[in-house]
Amino acid sequence: MRRYERASTMLTSNRPVEDWGKLLGDAAAVSAMLDRLLHHGHVLKCGPRQLAHQNRLATTGGGAG
């Protein structure tokens, strides 16, 4: 709460956001946390699928990759 809109925060996870409620056991609390985190936030998705797509674009010359 003290950091909200005062400092940068980075979270990383190897689990999809949709699973966080089940993992942490309180879907309402997770929803409130995500509302605050994403209010002024950016979501960056990284992983095999995204990297494979970028590599495919780079090798074929398509996109801004």
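I began with the term pocket: on a 1 Å grid over the protein atoms alone, it is an open set of points where a 1.4 Å probe fits, with protein on both sides within 12 Å along at least five of seven lines. Lining residues have an atom within 4 Å of a point. Grid points are joined across faces, edges and corners, and a volume is the space filled by probe spheres set on the points.

The model is predicted: local features need pLDDT of at least 70, side-chain atom pairs count only at pLDDT 80 or more, and totals for chains, interfaces and linings use all residues. Residues are numbered from 1 along each chain as its sequence is written, and side-chain values use heavy atoms, with hydrogens and water left out.

**Entry 1: the largest pocket**

I looked up the volume of the largest pocket and got about 1300 Å³. I found 33 residues in its lining, and the closest to its centre are L11, W20, L38, H42 and V43. I sorted the lining by class and noted 16 nonpolar, 9 polar and 8 charged residues. For these classes, Ala, Val, Leu, Ile, Met, Phe, Trp, Tyr, Cys and Pro are nonpolar, Asp, Glu, Lys and Arg are charged, and the others, Gly among them, are polar.

**Entry 2: the chain**

I counted 3 helices and 0 strands. The order from the N terminus is α-α-α. Helices (H or I, at least four residues) and strands (E, at least two) are DSSP runs, numbered from the N terminus. Of the 65 residues, 9% count as buried. Buried means under 20% relative accessible area, exposed over 50%, and partly exposed in between (1.4 Å probe, protein chains only). I noted an accessible surface of about 6200 Å² (Shrake-Rupley method, 1.4 Å probe). Carbon and sulfur atoms hold 55% of that surface.

I went to D19, in the segment before α1 (20-24). Is D19 buried or exposed? D19 counts as buried because its relative accessible area is 17%.

I next checked salt bridges, where a side-chain nitrogen of Lys or Arg is within 4 Å of a carboxyl oxygen of Asp or Glu. The structure holds 2. R15 bridges to D19, with the closest N and O atoms 3.2 Å apart. R15 is partly exposed, at 41%. K22 also bridges to D19, with closest N and O atoms 3.7 Å apart. K22 is exposed, at 66%. Shared partners join R15, D19 and K22 into one network.

**Entry 3: L37**

I ended with L37, in helix α2. L37 is partly exposed, with a relative accessible area of 32%. Its C-alpha atom is 9.9 Å from that of S8, 29 residues apart along the chain.
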